[in-house]
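Hi,

Here is the structure I promised to pass on to you. Please open it alongside this email, and then read on for what turned up.

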Amino acid sequence: MARDTIVIVGAGIIGLDVALVLAQRGYGRYVTVVAEHHPGDTNAAYTSPWAGCNFSAISGTDANALRWDQLGYSHLTRLASEKSEESFVKRTESTELWDEDVPHDKIQAMSQYLEDFRILPGSELPEGVKFAVSFTTLTINAPEHIQYLYQRLQNEYSVRFVRQKLPNIRAAYTSRATEVVFNCVGNAARSLPGVADTKCYPTRGQVVLVRAPSVQKNIMRHGRDYETYVIPRPSSNGHVILGGFMQKGNGDKSTYRADTESILRRTTDLSAELAQQAPEVVAAFTGLRPSREGGARIEREDIAINDNKRILVHNYGAGGTGFQAGYGMATEAVDTIQDFLQSLKTSEIGTRSRL
């Protein structure tokens, strides 16, 4: 079998996690990742490097989201235990607060596996907060983590990366050898021919990167029309991500001083650690989260390419939860082609026997 038997379109965290799951199952040498942007690049539409990022209750309440979150938490805690410095994933104390619309069922589900989970008593709640929990989260240095995956996939698992912007999803069947394509195109899912999913939309976020070595704890406050969060970046010389905005349907890639001022004001009010000393502002960034009505799409589709039956697996629409849910989503996306992977393994064993 050729190196491009399996092609993954997209090198954000979703595509990288699919490549990792395939590689961990022994198929890395059959995988080629095709993408316009690779880890190390910057572009507002290439969302992964701009993420905060952490594990939180910001994801959906449906059964899929709950399942993906648990798989993701297990994966990230394993990295934090075994390869924390190498992978830029770290256990961090976290507090989450809700002004209203508390997702009690979701919190109950997460309490079953979150480390050090505790419901805060009313005496500890700030004014205006209805409910709060504390637990051990995983904070991730997003741009460094995807670089870690990028290098690990190539050096440890022989995954090949190709820089190319495809005109349509069918172009991903780069050769006669390509049997399976994973569609992990993120924001492009709305416009890319062959996908053109009208349920997809961008969710604009602006964050502020500051240097504030005193900040060691993660804290988030969920309001009706805002999300405010303080996320220390592991192994970053004291850098902290402050946010933010969740502007659904807004594809504006610009950053705005007023948004930066709003973020600095809200986060300083929220975090006692941040309020100890005025943070040094390093930069402001805007990213477009690849969102989808009804949640992420993971679906296998059989299509014809030059009269040959081929497999297309869709895996996109994670919104702002790609880092925490991506590994779980990848696991389920790869599970959809288990029959093909088994035939690939059987073919490989037969070839070895003949040799």
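Predicted model: local features only at pLDDT ≥ 70, side-chain atom pairs only at ≥ 80, totals over all residues.

The UniProt record, an unreviewed entry, lists residues 6-334 as "domain: FAD dependent oxidoreductase". The end C-alpha atoms of that span lie 11 Å apart, and 27% of the span is helix and 30% strand.

Buried here means under 20% relative accessible area. By that cut-off 5 of the 5 residues of β2 are buried, so the strand is largely enclosed by the rest of the structure. Val-31, Val-33 and Ala-35 point one way, while Thr-32 and Val-34 point the other way.

What does β2 pair with? With strand β1 (residues 6-9) it pairs in the parallel sense over 4 bridges, and Ile-8 has Val-33 as its bridge partner.

Now to strand β11, residues 239-243. Here 4 of the 5 residues are buried, so this strand too is largely enclosed by the rest of the structure. Strand β8 (residues 200-211) runs antiparallel to β11, joined to it by 5 bridges; Arg-211 is the bridge partner of His-239. Strand β10 (residues 227-232) pairs with β11 in the antiparallel sense over 4 bridges, and Pro-232 stands opposite Val-240. β10 and β11 form a hairpin with 6 residues between them. In its turn, Ser-235 has a positive phi of about 50°.

Best wishes

Methods. Residues numbered from 1 in each chain as written. Heavy atoms only, no water. UniProt positions renumbered as here; feature names shortened; annotations may be inferred. Helix = DSSP H or I, 4+ residues; strand = E, 2+ residues; numbered from the N terminus. Buried < 20%, exposed > 50% of the residue type's maximum accessible area, 1.4 Å probe, protein only. Pairing = 2+ DSSP bridges.
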